Amino acid sequence: MAIAKSASIAIIFFALAHYADAAVRARTTVGHDVFGDNNHAKDVLLPGEKIVNVQSFGAKGDGVFDCTQAFMSAWQAVCHTQGQNRLYIPAGTFLVSSMFFSGPCLAPNPITIQVVGTVLATTDISEYENGEWLMFQHINGLKIIGGGVFDGQGQKAWQYTENCEKSNSGCARNPSSLFFMDVQNAIIANIKTLNPKGFHIFVTKCSNIRLRKLKLIAPETSPNTDGIHMSNSINVIIARNTISTGDDCISMIQGSENIFINRLKCGPGHGISIGSLGKYPDEREVKGIRIKNSALIGTTNGLRLKTWPERYGGGASEISFSNINMTNVQNPIIIDQEYECHPNCQKKPSLVRIADIHFANVRGTTASPIAVDLRCSKQFPCMGVTIRDIDLKFGAAPSTARCVNVKPVYGGLLNPPACP
């Protein structure tokens, strides 16, 4: 994790108290999926639905006027007033600082936030006392649509980052652009986020979430700008997204369960990561992850599971990667249970148990000779790993595989060849 050096001690204390990744979490409650198999591409006004324009509350789309209070007043009118109301952000550029969009809402059906223009973050990091930029919490039924842009203006914040991943103490992350906590039944579709200070999208303690047709864009050099970061969430569908950023395109840590990723285009970035796991005590298992029909282009990693040695237990199981195309990926397939301790790790083995991991039909080119690198725990070797129909070319030279504390089951075409 990377952080911004906070402008006040108060911000640090707040972040430590609310750091979503570190705390012990019970399994997220899963209710009825209100969207079911409905057509999510269509947007029509519900019977009696009223449009609430932020400009009616004094917002100005000039990119200079502070619209924070206008947005919050509009949200009150939408969420905490009887009836079905829609928050509408028209064309223009609307400057806002940190905001809570909190429920529960009084509307009988999911609330829609329709973003046509650009929502622009202020650049003074001291304004983000809540630790995030736009926070959505305690909401059952939410749609964020409209083709608009969330611009985090993170360029100034990136210069103050430091490596928090190696730290055992709590750290205050850079503010995420869109932060969802305790949200059920949500569709976030057809929007763009640019240059977040921290993560583009953070999903925690959520269920029945759909993330569709998103464009998440930041420079390859931007630190800790994960595209979609998830923890303690269940039933998440991520489909038809394009992510170009400076860290993981998608990262899943403790408590991520029943996650389906389809038709992702990732790159540049650090690929798709499960973990790091085992950093904190009593982490919930990562389970039931399916990634398919996706492309990774020029990423530093491809399909990665990573766990800390010499820390805490945990688990990752029932995970499959299939129909993945790779172009010039440095570490295409990697299980790293010596995270931040390789090579020649002298620490005690990882206590995280990894089982039922499947790689099938992964093809393309690798930028490093070791195309399949499986380094598992000596104390708890990886179990039930299968590798089938892999074709990863390393230019004119042969690609190779490395297997430590794991005995994969192989099938079909194998390039690189199976481990000895």
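Arg363 stands opposite Asp391 in strand 30. This is a predicted model. Strand 30 also pairs with strand 32, through five bridges. Elsewhere, the largest cavity holds about 60 Å³ of space, and Thr122 is a buried loop residue.

**Strand pairing**

- Strand 28 covers residues 351-366, and strand 30 covers residues 383-393.
- Nine bridges join strand 28 to strand 30, and the two run parallel.
- Strand 30 is also joined to strand 32 (residues 409-415) by five bridges, again in parallel.

**The largest cavity**

- The model has three cavities of 30 Å³ or more.
- The largest cavity contains about 60 Å³ of space.
- Its lining includes the phenylalanines Phe71, Phe101, Phe136 and Phe150.
- Leu87, Ile89, Ile113, Val119, Leu134 and Ile144 line the largest cavity as well.
- By class, the lining has 10 nonpolar residues, with no polar and no charged ones.
- Strand 4 (85-89) and strand 9 each supply at least two lining residues.
- Strand 9 gives the most, with three residues.

**Thr122**

- Thr122 sits in the loop that links strand 8 (118-121) to strand 9 (134-145).
- Its relative accessibility is 9%, so Thr122 counts as buried, the cut-off being under 20%.
- Leaving out residues up to four places away in sequence, Thr122 touches Leu95, Val96 and Ser97, along with Glu127, Tyr128 and Lys197.

Notes. Residues are numbered from 1 along each chain as its sequence is written. This is a predicted model: local features need pLDDT of at least 70, side-chain atom pairs count only at pLDDT 80 or more; totals for chains, interfaces and linings use all residues. Side-chain values use heavy atoms; hydrogens and water are left out. Helices (H or I, at least four residues) and strands (E, at least two) are DSSP runs, numbered from the N terminus. Buried means under 20% relative accessible area, exposed over 50%, partly exposed in between (1.4 Å probe, protein chains only). Contact means heavy atoms within 4.5 Å. On a 1 Å grid over the protein atoms alone, a cavity is a set of points where a 1.4 Å probe fits but cannot get out, and a pocket is an open set with protein on both sides within 12 Å along at least five of seven lines; lining residues have an atom within 4 Å of a point. Grid points are joined across faces, edges and corners, and a volume is the space filled by probe spheres set on the points. Ala, Val, Leu, Ile, Met, Phe, Trp, Tyr, Cys and Pro count as nonpolar, Asp, Glu, Lys and Arg as charged, and the others, Gly among them, as polar. Two strands pair if DSSP finds at least two bridges between them.
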